[in-house]
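Trainee: I have a new model open and would like to learn how to read its features. Could you walk me through it?

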Amino acid sequence: MSRVFSEEQVSSVAKEMKVADLQNATIGDVLLVASRLEELTGIPFIRMDQGSPGLPANRIGIEAEKAALDRGVGAQYPAAAGVAELKEAASRFVKAFIDIDISPRACLPTTGSVAASFGAFIACTQRIPGKDKVLFIDPGFPIQKSQLRILGIGWEWFDIHDFRGQALRPKLESFLEKGDIAAIVYSNPNNPAWICLEEEELQIIGELATRYDAVVLEDQAYFCMDFRHAFGRPYTAPFVPTVARYTDNYILMLSASKIFSYAGQRIALACVSDKLFDKQYPALAQRYEDSGVFGPTFIASIMYMITSGCTATTQYAMAEMLNRSVSGEINFVEDVREYERRARRMKQIFTDNGFTIVYDRDVTQRVGDGFFFTLGYPGMTGGELLCELMYYGVSSISLSTTGSDQQGVRACTSRMREELYPILEERMKAFREDHPI
């Protein structure tokens, strides 16, 4: 076989979907084009574009949410700070799996980590006059930069690919020493590269965040999914690596979307360092005409204005899932290990046919297998590879849209199914034959 779809077909559908430049298309744009091509032709796509969970939602959460509705919870507005049961469960969960002490009052439920970062960007850039930019340790989640566009907040960024280990210190400090960086953002494990920051790197980030008074927003969306390590055993080492061991300037973002496959209910946590939570900022007091204390302002004057609080029943669902994880009744790491198996099989098919893994190493070991991985092909830019893969019925996103300087695409494993592996293998064999190295 050769191409599954012709250039004319793909171009026509991209035009129909109002996608001006497929090479630099957003996740949403690629999703629209792939879905429309499937609809028009009946030919299945290998969907590696959107990072939506591909496993069933946790039943314990579902039953807890039903029970909450039956208790009449739906008739009342939830408290802005969150229901007590969830805040207490969150504090226990953080202690059990990260070995960090954060009080329940400083654990705030949010409607997904997207809402958490949106509110945190506001709070962090308004707390100190002159500190009004965000620094991204990229590659990263493109939506967070879109949030800053909406808010009118400036940002800086750099691709960590060439600055691992001790090389991170001078690179990071070159931005922080300018004095205008209010917050530092990264995901760990990383979306899209699946690299994991190691202890020396987290220590560097923490020390510099303290020295230059920047708040670290640590996105733990793929919590415990570095399957190379035995994470996920409550109150037992090894614990999840975190910058919180090295600074008091942090907000940890923990989402139910991936670890419990609970994405449709939009529930996450912003866990704020107790010291940051209690810190008073005159600029916040003046702007919001309140105490100016970071935590209460973040909750009542910012997050409540964005979401009016999280859906109460979903908070009870997450509380139950967190509690059952701490008690050992839920093994959420094993529940999502299927992503590791999918990544290993998918990577093998691609590398057997001439592809390379773009972000292939951490500081001391090879990158693991999990929810995402990155692909390159000799002689092609990321945008070119994205388009070429579309012709063979494989959808992805270009690394250039994630803040990466490397040439390649991001692949997501979540929508892979058993019957698609032979189809992927057949299409990638054809790809290699049509693109000899």
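**Reading the backbone and its contacts**

Mentor: Gladly. Let's start with Pro189, which sits in the loop between strand S5 (181-187) and helix H8 (199-211). Keep in mind that this is a predicted model.

Trainee: What is the geometry of the peptide bond from Asn188 to Pro189?

Mentor: First, the general idea: most residues other than glycine have a negative phi, and most peptide bonds are trans. Here the bond from Asn188 to Pro189 is cis, with omega near 0°. The loop between S5 and H8 also holds Pro192, and the peptide bond from Asn191 to Pro192 is cis too, with omega near 25°.

Trainee: And which phi value does Trp194 have?

Mentor: Trp194 is in the loop between S5 and H8 as well, and its phi is near 65°, a positive value in a residue other than glycine. Tyr235 also has a positive phi, of about 60°, and is not a glycine. Tyr235 belongs to the loop between strand S6 (215-219) and strand S7 (250-255).

Trainee: Is Trp194 buried or exposed?

Mentor: Trp194 has a relative accessible area of 1%, so it is buried. Tyr235 has a relative accessible area of 46%, so it is partly exposed.

Trainee: Now the strands. How does S5 pair with S3 and S6?

Mentor: In general, strands of a sheet pair through backbone hydrogen bonds, either parallel or antiparallel. Strand S3 (residues 133-138) runs parallel to S5, and four bridges join them. S5 and S6 are also paired in the parallel sense, over five bridges. Ala183 in S5 is a handy place to look: Val134 stands opposite Ala183, and in S6 the bridge partner of Ala183 is Val215.

Trainee: How many residues of S5 are buried?

Mentor: Seven of the seven residues of S5 are buried, so the strand is largely enclosed by the rest of the structure.

Trainee: What is the strand order in the open sheet of three strands?

Mentor: The order is S9-S12-S11, with antiparallel pairing. Strand S9 (372-375) and strand S11 (397-398) stand at the edges with a single partner strand each, so one side of each has no neighbour in the sheet. Four bridges join S9 to strand S12 (residues 409-412), and Phe372 has Cys412 in S12 as its bridge partner.

Trainee: How far is Phe372 from Glu340?

Mentor: The two are 32 residues apart in sequence, and 9.2 Å apart in space from C-alpha to C-alpha. Glu340 is found in helix H15 (residues 338-352) and, at 12% relative accessibility, counts as buried.

Trainee: Which salt-bridge network includes Glu340?

Mentor: Salt bridges link Glu334, Arg337, Glu340, Arg344, Lys347 and Asp369 in a network. Within it, Glu334 forms a salt bridge with Arg337, their closest N and O atoms being 3.0 Å apart. Glu334 is partly exposed, with a relative accessible area of 40%, whereas Arg337 is buried at 17%.

Trainee: How many salt bridges are there in the whole structure?

Mentor: A search of the whole structure finds 35. One of them joins Asp213 and Arg127, with the closest N and O atoms 3.3 Å apart. Asp213 lies in the loop between H8 and S6 and Arg127 in the loop between H5 and S3, so the pair ties together parts that are 86 residues apart in sequence. Both Asp213 and Arg127 are buried.

Trainee: What does the salt bridge between Arg228 and Asp362 tie together?

Mentor: Their side chains meet at 2.8 Å, N to O. Arg228 lies in the loop between S6 and S7 and Asp362 in the loop between H15 and S9, so this pair ties together parts that are 134 residues apart in sequence. Arg228 counts as partly exposed, at 27% relative accessibility, while Asp362 is buried, with a relative accessible area of 4%.

Trainee: Last, helices. How far apart are the end C-alpha atoms of H5?

Mentor: The general idea is that an α-helix has 3.6 residues a turn, so residues three or four places apart point the same way. At 1.5 Å a residue, the 15 residues of helix H5 (residues 112-126) should span 21 Å, and the end C-alpha atoms are 22 Å apart, which agrees. H5 is mostly covered, with 14 of its 15 residues buried.

Conventions:
Residues numbered from 1 in each chain as written. Predicted model: local features only at pLDDT ≥ 70, side-chain atom pairs only at ≥ 80, totals over all residues. Heavy atoms only, no water. Helix = DSSP H or I, 4+ residues; strand = E, 2+ residues; numbered from the N terminus. Expected span 1.5 Å × (residues − 1). Buried < 20%, exposed > 50% of the residue type's maximum accessible area, 1.4 Å probe, protein only. Pairing = 2+ DSSP bridges. Salt bridge = Lys/Arg side-chain N within 4 Å of Asp/Glu carboxyl O.
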